[in-house]
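Please open the structure in your viewer and keep the selection tool ready. The tour goes from one selection to the next, with a short account of what is there at each stop.

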Amino acid sequence: MTLRAQALLFDNDGTLVSSLASVDRCWTRWAGEYGVGAEDFARVGLHGRPAAEIAADLLPADLVPAAVARIEELEVADVPGGGVELLPGTLEFLGALPADRWAVVTSATRRLAEARLGAVGILPKTMVTADEVTRGKPDPEPYLLAARALGVAPADCVVFEDAPAGLLAGRAAGMTTVALATTHTAAELDADLVVGDLSALAALVTDGGVEISVRS
């Protein structure tokens with residue numbers, strides 16, 4: 001199977017890098033500070049959603065701004081201690097792409113995303129973060145903003161995601177979707193193509209765009 005695109009849009013955590021251990025540590029500490037129980041987290045879901053939306057689901061409105069600032073502080077501080085690691089195939093796949101043909105689209109804040117990506121040597125030319133959107137994934141707004149920033153029609157974009165919320169966002173934006181089974185099973189992921197991680201894929205840049213194929 002070969003997909004063709006003018007632009008490639010990547011989620012970050014669970015797609016390019018893994019910071020799940022860090023997320024668990026930091027949100028567990030945050031929950032203790034704010035009196036949030038495990039059953040509350042199970043109810044709202046964490047992965048692939050902006051911290052501001054998660055906090056708003058769990059806390060009174062007057063506590064949300066300080067709570068969002070606190071979780072960002074905890075997660076940024078955790079990065080130097082091994083809070084992020086590259087997922088297989090990330091550097092090779094991104095290295096095959098021109099800088100103006102791809103973007104990172106993340107539910108993290110810009111400060112946190114830059115800290116995590118910088119720690120593993122990834123410096124995207126274009127990035128859309130929670131700071132730039134009014135509605136996070138599964139709303140299509142983040143991916144539509146990224147397409148606009150790259151000057152590419154949504155139909156000519158391919159989205160790479162590990163989370164159902166992100167895949168919903170990509171589909172709602174009218175984009176082709178590739179799911180990476182790094183944090184969910186393949187059966188849980190609804191996409192045009194499902195693979196284990198980026199190491200399963202090859203990218204070929206042509207005059208007409210980028211061709212994405214599954215390695216044999």
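Begin by selecting Leu9 together with Ala103, its bridge partner in β5. Before going on, note that this is a predicted model, in which local features need pLDDT of at least 70 and side-chain atom pairs count only at pLDDT 80 or more, while totals for chains, interfaces and linings use all residues. Residues are numbered from 1 along each chain as its sequence is written, and side-chain values use heavy atoms, with hydrogens and water left out.

Now show the whole of strand β2 (residues 7-10) and strand β5 (residues 102-105), which run parallel and are joined by 3 bridges; strands here are DSSP runs of E with at least two residues, and helices are runs of H or I with at least four, both numbered from the N terminus. Phe10 has its bridge partner in β5 as well, namely Val104.

Which residues of β2 lie on each of its faces? Ala7 and Leu9 are on one side, Leu8 and Phe10 are on the other, and all are buried, where buried means under 20% relative accessible area with a 1.4 Å probe, protein chains only.

Zoom out to the open sheet, whose 6 strands follow the order β6-β5-β2-β7-β8-β9 with parallel pairing; two strands pair if DSSP finds at least two bridges between them. At the edges are β6 (127-128) and β9 (193-195), each of which pairs on one side only.

Then select Pro138, in the loop between β6 and α7 (141-150). The peptide bond that joins Lys137 to Pro138 is cis, with omega about 15 degrees, and as a general rule most peptide bonds are trans.

Move on to helix α3 (residues 51-58), where Ala51, Ile54, Ala55 and Leu58 are buried. These residues are on the same side of α3 because they cover an arc of only 95 degrees around the axis, taken from the directions from the helix axis to the C-beta atoms. An α-helix has 3.6 residues a turn, so residues three or four places apart point the same way. Show also α1 (20-34), α2 (38-44) and α4 (64-78), which are among what covers the buried residues of α3.

Definitions and conventions. Buried < 20%, exposed > 50% of the residue type's maximum accessible area, 1.4 Å probe, protein only. Contact = heavy atoms within 4.5 Å.
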